[in-house]
Structure formats: C-alpha cells, structure tokens
Amino acid sequence: MNRLAIILLALSLAACAVNPVTGDRQLALVSEAQEIQIGREVAGSAEQQFGLVKDDELQAYIQRLGDQLAMASERPDLPWTFRVVDEPTPNAFAAPGGFIYFTRGLLVMMRNEAELVSVLGHEIGHVTARHSVTMMSRAQLAQLGIGIGSILSPTVAQFGDLAAGGLQLLFLKYGRDAERQADDLGYRYALEQGYDVREMVNVFAALQQSAELAGQTPVPNWQASHPYPAERIQRINQQLASLPPASPPRRIGEDEYLQRIDGLDYGENPREGFFDDNRFLHPDLAFRLDFPPGWRTQNLSRAVIAGSPQEDAIIQMTVVPGSLKEAANKFFSQQGLTAGRVESQQVNGLPAIAGNFEMQTEQTKLGGTVTFVELAGRTYMILGYAPAQQRAKYDKTFRASMNSFARLTNAAALNKQPLQLSIVRLPRAMSLEAFNSAYPSDIPLAELALINHLRGPEDVMPANFRAKRVTEAGN
C-alpha cells in the first residue's frame, strides 16, 4: 500500500469514530483495544517508577470511589483502575484506557470525599472523552507527514529507559478546551452520584494556593496545563448558581475521608532518600551523592535522576544486579555501545570501575561516562550522558558528581524520619497560629494553612474542627 493510500485509509477510519461523550465524530486512529494496551504499559511504568502507597485500605477506598463514578460513565466497560502513588507533589493523571493515579501529595491537600470525587471525575472525563486518543492519533498522522506535534518531548524520547519516556503519556497537555470539558464531566459525574459539587471550588483554591508556595518540581503539577484556577472557580460558580437545593443534603464525606488519610506520609520519605540542596542522602542504604547545582532532580522508586537546565544531559543512579565487575562487563558489552578507556579505581575509599562510552540510538548518538561503585554488598551505577557532541561539555560535571559518592556518616541524616499527617479534633475555636502553638507541626505555617484550607495563621477554626497536623513519625 503506498503512502497516499495509508493516509486516506487513516483519515477514513478517523471519520468513522464517534466520541462516546459528545456523539460527535472524533479523530481516533487508536482502537479501544490499543488504547487499553497502551494504558496498561504506561500504568506499569508509573507504578515501577513512583511506587504505590503501601496502604491496602486506602487503595481499596480510592478504587471503590472511582468505580462508583466510572461505572455510571459513558465507558463503564473499560478496566478502570484507581491507585495512589507514593509521590509528594500534588498531582493526578490518567493513562489511556482507564488507569488513573493520584499522588499522596494531592490527597493531603483535600478535606473530604466530595473534593476527591470531583478530581476523580475530571480524570475519568479525560478517558471517557478519549482526549489521549486524540493526542496519540495526531501523533500518528504526524508520522505520516500530515499532522502536527508529537506525544513525546524529543529530549525525553531520546533518553528513554528510566528518564520517563513512556510516562509522558501521563502528562499530556490536552489543551484548555479539553480541560474545561473534563471539569464539566467531573462536575456532572460527582453530582449524579449525590456529591456536593460546591466542594470543587475548594480544590481549585487549594491548587492556586499550592502554586504560590511551590517551586519547580520534576513531576508536572496538576494545574500546569489546566485553565487558571480563578477561571475554573468562576465557571463552577456559574453552574452552582443554577443548582437547586437537595433534600437530603448532598454528600460531603469529611469524616470518612479524613479517617482514610490519617497517618499518611507527608512530603518526601527520607528513609527512601532525600535531597539537601543538591546533595542526595539515603539513610537506609547509608550513602550520599552530589548532583550539579541548578539541575532538576527527582528521587524515583528505581532511580535518582537529574536533568541539566538546558535539558540536554542526564545523570541517573541505580542499584544494579551482580558484582562490580559483572555489572561493568554487562554495561560495556551492550550491542551498539563503544567503550572508551575503562579502569578500576577508588571513590572515597570504595572500589569502583569507571569509563567513557558512546552509543548509537535510533534518534541520535549518545556520549557519556559511567561509574560503578560497591558499597555494603550492593553495586551502584552512576550514569551521565548527553548527545555525543555535548559530552565534552559535561564530562567534568559528570565525573564530579560520580566522584562525590561516599558513605553517609552524619548521624542526623541517618536518623531522619518521615513526616506524617494526623487529624486533631479541636476542643475549642482557635486560630491556626494558636493551634500550631498547642499542637506543633514540623512544617511552615503557610503549608499548614494550605492543607487545612485556610489562608493564613490568623484564620480561626471552629470547635470540633478536624485539623491536620504534620509531625515526624512517632511524635
């Protein structure tokens, strides 16, 4: 079949697709079976890289609420899956085919089921309206030479592996119209299940407040590609203006929700490694590693990665199987890889093997440096790479980072414990500032205000208010 015939066939198939939400014709070169398969693969990558929160009751709770909405949606027969990933950044995302994830960082910002369900409904809306299918279909047409855009960032795509390639499908920027449609669907889904959709406004306000407090984050913030929160609040308030009162009152579900998140980890779990500026420290494995200042860093469940400000170089550290020599031999014997000088050495008193390499990928030739270090019976691979023409530019940076690997001996770092959320029922009305004096938290007052849906330390909480507090585990 020639190129023109392929294009015409693709377009004819797209013309036959009908959007299950609107009933309109939709560009859809991806079948439902393909959508589900892609979603399963992306979901597997997400769970490997972020890890799931180890709380079976919480996971079952999220699945039950998600099922409640999804089974009443336009696509009830998808293999709907709802999970909480162990990531502190406030975020929620939907993989194609009905695989939806919340971060625990978003859960600690919300106060009740109605808020949670509104976000669940929004992510379900992306799937029912097949927004990711449209994006993937456009990418397919682009490959045929008649479309625009690409699903994957060229920089991320060329690095693959642990550098988050497939996960970009989780963070597609659908466009403002798609986001507004997902908001409207989330509103409708929640309302149809009897939830008080007035609580949606609280989510948008919290996201806006969070954005004011947050710096750069390696996981895209949930509102990054969405309409501005003020606009979303205005749109929802317009819908709420015509909402008739309900008897009995619509469900909020504050007690049930707060009970489920009581004891949830808050922020980074230091036992799994944490950053102190550009230094990464791991108390349980007792090592430290410096990354270049100004690079964007992230601690994933299987790797620690850093990307250059220009997005043209990556450093990643992983634990790899085998002895020092076995791991090095396996790496340098890869097909398509050309090794430079490889030598045994010591890194801060630890046995190591280091060398340069070049590797031809489908898209570009990479050049880099790798160091294998042995500590306490584990082999660590620290890999720095960039397009081959940029390797010389980053060589000293790569080596400085790799040569910083050392045993962690600082007692405070070794003993650092995670922060946890706890719920306190107030015996009397008190301001946030007074609450923090009576029940001290280990986070700034601005953050404490955010998670309690307050604007500042002078805001007063009524008696019997269930306030959130954050302290080190065990305190």
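Visitor: Which backbone nitrogen does the side chain of Ser404 reach at 2.8 Å?

Guide: The backbone nitrogen of Asp290. Such a polar contact is a pair of N or O atoms within 3.5 Å; within protein, one must be able to donate a hydrogen and the other to accept it, and residues adjacent in sequence count only if both atoms are side-chain atoms. Before we go on, note that this is a predicted model, where local features need pLDDT of at least 70, side-chain atom pairs count only at pLDDT 80 or more, and totals for chains, interfaces and linings use all residues. Residues are numbered from 1 along each chain as its sequence is written, and side-chain values use heavy atoms, with hydrogens and water left out.

Visitor: Where does Ser404 lie?

Guide: In the loop between α13 (391–402) and β15 (406–407). Helices (H or I, at least four residues) and strands (E, at least two) are DSSP runs, numbered from the N terminus.

Visitor: Is Ser404 buried or exposed?

Guide: Buried means under 20% relative accessible area, exposed over 50%, partly exposed in between (1.4 Å probe, protein chains only). Ser404 has 9% relative accessibility, so it counts as buried. Ser404 touches Arg288, Leu289, Asp290 and Asn348 (heavy atoms within 4.5 Å). Residues up to four places away in sequence are not counted there.

Visitor: How many helices and strands does the protein have?

Guide: There are 16 helices and 19 strands. The protein has 475 residues, and 52% of them count as buried. Now look at contacts between residues at least 6 apart in sequence. Of these, 66% join residues at least 24 apart.

Visitor: How do I check the length of a helix? Why does the span of helix α3 agree with what it should be?

Guide: The expected span is 1.5 Å times one less than the number of residues. Helix α3 (residues 56–70) has 15 residues, so it should span 21 Å. Its end C-alpha atoms are 21 Å apart, which agrees. Just after α8, Gly194 takes a positive phi of about 85 degrees.

Visitor: Which residue caps the N-terminal end of α3?

Guide: Asp55 does. One of its side-chain oxygens lies 3.2 Å from the backbone nitrogen of Glu57.

Visitor: What do the buried residues of α3 pack against?

Guide: They pack against β1 (81–85), α4 (104–107), α5 (113–128), α8 (176–192) and α11 (254–261). The buried residues of α3 include Leu58, Tyr61, Ile62 and Leu65. In α8, the buried residues include Ala178, Leu185, Tyr187 and Tyr189.

Visitor: What is the order of the strands in the open sheet?

Guide: The order is β4-β16-β19, and the pairing is antiparallel. The edge strands are β4 (265–266) and β19 (466–472), each pairing on one side only. Two strands pair if DSSP finds at least two bridges between them. β4 and β16 pair over 2 bridges. Strand β16 (residues 419–425) is joined to β19 by 7 bridges.

Visitor: Which residues stand opposite each other?

Guide: Start at Leu419 in β16. Tyr266 stands opposite Leu419. Leu419 also stands opposite Glu472 in β19. Further along, Ile423 stands opposite Lys468 in β19.

Visitor: Where is the place of Val108?

Guide: Val108 is in the loop between α4 and α5. It has a relative accessible area of 4%, so it is buried. Among its contacts are Tyr266, Leu421 and Lys468, with neighbours within four places in sequence left aside. Gly267 is 159 residues away along the chain, yet the C-alpha atoms of Val108 and Gly267 are separated by 9.5 Å.
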